[in-house]
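Let's take a look at a ligand site, and then at one residue in a loop.

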Amino acid sequence: MGNVGAGFSMSLDGFIAGPNDEVDRVFAWMSQGDTEVKVSTGDHDIDLKMSEESAELYEEIPNAIGALVLGRRIFDVAGAWGGKHPLGAPMFIVTHRIPEEWVYEGSPFTFVTDGVESAVAQAQAVAGDKSVGVAGANIMQQCLKAGLLDEIGIDLVPVLLGQGIRMFEYLGIEQIELEQTSLTNTPGVTHIRYRVVK
Ligand SMILES: NC(=O)c1ccc[n+]([C@@H]2O[C@H](COP(=O)([O-])OP(=O)(O)OC[C@H]3O[C@@H](n4cnc5c(N)ncnc54)[C@H](OP(=O)(O)O)[C@@H]3O)[C@@H](O)[C@H]2O)c1
C-alpha cells in the first residue's frame with residue numbers, strides 16, 4: 001500500500017491561502033522560473049514556469065499519486081476543476097453535502113460523508129501501490145490528527161500573508177514529531193519534505 005501525503009505552498013507565517021481563498025502569492029513560484037511544466041485540467045492546459053529544481057520535484061508528483069482525498073471547500077473553490085483534477089487521479093471528496101450533479105457513472109468524484117478514515121481507506125483501495133494525496137487544510141489536519149498521514153511537503157514561500165487559511169490550526173495538545181527527509185532551496189521557494197514520526 002502506498003503512502004498518504006499532503007503538500008502545500010505556505011507563507012512563512014503559516015498560511016496556505018489568503019482570507020478570500022487567494023493562492024496567487026503562495027503559488028507565484030510556479031510561474032516565475034525558466035522551466036516549462038504543462039498541466040492539463042478538464043477544459044484547458046496550464047503552462048507553468050518554475051525553476052529547474054522545482055520542476056524536477058513537481059514533475060514526479062502526477063506519476064506518484066494514485067488517488068486524492070480532498071475537502072469540500074477546495075472542491076468548491078476550484079470549481080470542481082471543471083471535472084478533471086490537474087493530477088488526473090480519482091478524487092474522494094469529504095463532505096456533508098453531496099452535489100448530485102457530480103454523481104453519475106464514470107464521475108471522477110466519490111463523495112464521502114463518513115469521515116477522513118473512510119475517505120483515505122477508499123482512496124488507498126484504488127491507488128494500489130501509488131500514494132494518496134491529501135488536500136484542503138482542514139482535511140489534512142484531520143488526517144494528521146487521526147495518524148493517517150505519512151508525509152508532509154511544504155513549499156515555503158518568503159512572504160508574511162498576515163491572515164487567511166492556516167496550514168496548521170489547533171491540532172490538540174499532543175506533540176507530533178516530524179523527520180525532515182529532503183530540502184531543496186530555490187530563490188522563490190524552499191521545498192521541505194517531512195516524514196510523520198509514528
Ligand atoms: N497553498 C496550497 O498549496 C493550497 C492547496 C490546496 C488548497 N489550498 C486552499 O485551501 C483552502 C481549502 O481548505 P480548507 O481547510 O478551507 O477546507 P477543506 O479541507 O478543503 O474542506 C473543509 C470542508 O470539508 C467538509 N468536511 C470536513 N471534515 C468533514 C467530515 N469529517 N465529514 C464530512 N465533511 C467534512 C466540510 O464541508 P461541508 O460541511 O460543506 O461538506 C468542511 O467545511 C482553499 O482556500 C484553497 O485555495 C491551498
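Predicted model: local features only at pLDDT ≥ 70, side-chain atom pairs only at ≥ 80, totals over all residues.

Residues are numbered from 1 along each chain as its sequence is written, and side-chain values use heavy atoms, with hydrogens and water left out.

There are 23 residues around the ligand, and Asp 21, Arg 73, Thr 95, His 96 and Gln 142 come nearest (near means a heavy atom within 4 Å). By class, that shell splits into 11 nonpolar, 8 polar and 4 charged residues. Strand E1 (4-11), strand E2 (15-17), helix H2 (72-77) and helix H4 (137-145) each put in at least two shell residues, with H4 giving the largest share, 4 residues.

| Residue | Protein atom | Ligand atom | Distance |
|---|---|---|---|
| Gln 142 | polar side-chain atom | nitrogen | 2.7 Å |
| Asn 138 | polar backbone atom | oxygen | 2.8 Å |
| Ile 74 | polar backbone atom | oxygen | 3.0 Å |

Taken alone, the ligand exposes 940 Å², and the protein buries 84% of that (Shrake-Rupley areas, 1.4 Å probe).

Now for the loop: Pro 187 sits between strand E11 (178-185) and strand E12 (190-196). Why does Pro 187 count as exposed? Its relative accessibility is 81%, and exposed means over 50%. The C-alpha atoms of Pro 187 and Val 112 are 40 Å apart, with 75 residues separating the two along the chain.

Technical notes: Polar contact = N/O pair within 3.5 Å; in protein donor to acceptor, adjacent residues only side chain to side chain. Nonpolar A, V, L, I, M, F, W, Y, C, P; charged D, E, K, R; others polar. Buried < 20%, exposed > 50% of the residue type's maximum accessible area, 1.4 Å probe, protein only.
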